Amino acid sequence: MILVTGGAGYIGSHTCVELLSAGYEIAIMDNFSNSQPEVLEKIRQITGKDFKFYEADMTAPEATETIFRENTIDCVIHFAGYKAVGESVQQPLKYYYNNITGTVILCQIMQKYGCKKMVFSSSATVYGNPKSVPIREDFPLSTTNPYGSTKLMIEQILRDIAIADSEWSIALLRYFNPIGAHKSGLIGESPNGIPNNLVPYIAKVAAGQLEHLNVFGNDYPTQDGTGVRDYIHVVDLSLGHIKAVEKVLKTKGVDAYNLGTGKGYSVLEIVKAYEKACGKSIAYVIAPRRPGDIPACYADPAKSEKELGWTAKMGIEEMCEDSWRFTLNNLH
Ligand code: UFG
């Protein structure tokens with residue numbers, strides 16, 4: 001059985017769908033800190049399959065241990081964690097406590113129960129401001145905010161665990177910018193309040209819930225001056241986790257993998273693609289650069305292709321269409 005921490009969240013829920021569809025038995029653990037209980041029913045609806053669910057906080061050892069006592073967990077996909085960059089700057093202790101303490105407790109319990117296989121939800125944020133693009137996994141690592149630091153520190157903790165005990169097998173998956181939603185329109189990204197990320201924000205403008213997009217800077221050294229990112233369909237990203245599970249189940253050691261498409265799109269290119277998908281024009285104004293943003297970030301996905309046998313398949317049109325379908329389905 002695969003335990004999915006944070007399985008009710010955006011990437012977690014899509015990954016649970018793909019795991020169930022691939023025939024894996026799963027247990028989900030989530031405390032709904034940034035997700036809704038209804039998502040669980042939607043995962044069942046999409047897949048026609050059932051799973052165990054534990055409402056538990058990963059910083060509470062008792063709750064996590066119960067899951068390992070009641071089930072034979074072969075591998076953990078560890079998504080659970082806080083992820084808002086701005087909030088992490090304001091409340092660093094909240095981020096260090098939750099993300100790092102939670103992971104340490106999880107690993108202690110895994111060790112105790114002899115479960116030594118993990119797929120970890122890391123981020124391209126661990127590359128800081130990269131010296132060049134596309135970014136390879138062996139590029140220098142650094143961070144620009146506490147959220148990013150928790151990802152980098154957890155990567156280091158997991159590496160140390162694997163050095164101390166060669167039975168461990170760990171994949172560190174460095175995500176670029178996941179967007180889009182499941183084709184069913186049933187699950188997707190629905191942040192509380194005003195979104196921080198580009199595509200959820202654009203979706204709200206398209207839906208008439210926000211007036212206009214603020215484009216954070218148009219004087220970067222990029223194709224049109226706006227920031228460039230590697231947007232990846234969340235279902236493609238989820239399929240990368242299935243490949244990573246297959247890999248950790250049959251190998252040992254620790255390795256990092258980029259999950260990106262290898263293509264960079266500017267903010268204005270995304271606005272155009274979204275306009276095409278939703279058939280409306282998206283109002284925007286040019287605003288100052290957002291502190292901490294970098295000009296361009298996109299992956300070299302060659303290592304993932306070679307070692308995981310995975311590549312992203314879906315293009316930007318599909319990502320925007322699927323985001324829009326989910327948005328329309330979930331207006332209320
Ligand atoms: N942007 C805007 N206006 C907005 C929001 C974003 O112009 O309202 C721009 C940003 O300046 C950036 C691009 O759109 O150029 C993408 O911004 P996002 O906030 O969507 O994503 P980021 O690349 O800043 O951050 C994302 C995740 C982080 C993760 C990082 C890793 O949100 O969790 O990728 O590279 F750390």
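Reply: Start with cysteine 75. This cysteine is buried, because its relative accessible area is 0%, and the cut-off for buried is under 20%. The model is a predicted one.

The rule asks for sulfur atoms within 2.5 Å. Across the structure, the count is zero disulfides. Cysteine 278 is in no disulfide either; the nearest cysteine sulfur, in cysteine 320, is 8.8 Å from its own. Strand 4 covers 75–78. It belongs to an open sheet of seven strands, in the order 3-2-1-4-5-6-11, with parallel pairing. Strand 3 (52–55) and strand 11 (253–259) stand at the edges. Each of these two has a single partner strand, so one side of each has no neighbour in the sheet. On average, neighbouring strands of this sheet are turned by 15° against each other, direction ignored.

Strand 4 and strand 5 (residues 117–123) run parallel, and three bridges join them. Valine 76 stands opposite methionine 118 of strand 5. Helix 3 (residues 61–70) lies across strand 1 (2–5), strand 2 (26–30), strand 3 and strand 4. Its direction is at about 160° to strand 3.

Next, follow the chain out of strand 4. The loop between strand 4 and helix 4 (85–90) holds tyrosine 82. Tyrosine 82 pairs with tyrosine 95, which sits in helix 5 (residues 92–112). The two are 13 residues apart, and the pair links distant parts of the chain. A pair of aromatic rings is described by the distance of the centres and the angle of the planes. For tyrosine 82 and tyrosine 95, the ring centres are 5.4 Å apart and the planes meet at 55°, so the pair is tilted. The whole structure has five aromatic pairs.

Tyrosine 82 is partly exposed, at 21% relative accessible area, whereas tyrosine 95 is buried, at 1%. Tyrosine 82 has a charged residue over its ring as well: lysine 94 lies over the face, 4.8 Å from the ring centre. Elsewhere, lysine 303 lies over the face of tyrosine 257, at 4.9 Å from the ring centre.

One more loop deserves a look. Aspartate 165 lies between helix 6 (146–164) and strand 6 (169–175). Aspartate 165 is buried, with a relative accessible area of 15%. Leaving out residues up to four places away in sequence, aspartate 165 touches Gln111 and Lys116.

Three strands form it in the order 12-9-14, and the pairing is mixed. Strand 12 (265–266) and strand 14 (296–297) stand at the edges, each with a single partner strand. Strand 9 (residues 228–229) pairs with strand 14 in the parallel sense, over two bridges. There, arginine 229 stands opposite cysteine 297 in strand 14.

Methods:
Residues numbered from 1 in each chain as written. Predicted model: local features only at pLDDT ≥ 70, side-chain atom pairs only at ≥ 80, totals over all residues. Heavy atoms only, no water. Buried < 20%, exposed > 50% of the residue type's maximum accessible area, 1.4 Å probe, protein only. Phe/Tyr/Trp six-rings, centres within 6.5 Å; stacked < 30°, edge-to-face > 60°. Helix = DSSP H or I, 4+ residues; strand = E, 2+ residues; numbered from the N terminus. Lys NZ or Arg CZ within 6 Å of the ring centre and 35° of its normal. Pairing = 2+ DSSP bridges. Axes fitted to C-alpha atoms, helices over the stretch in contact; angles between N-to-C directions. Contact = heavy atoms within 4.5 Å.
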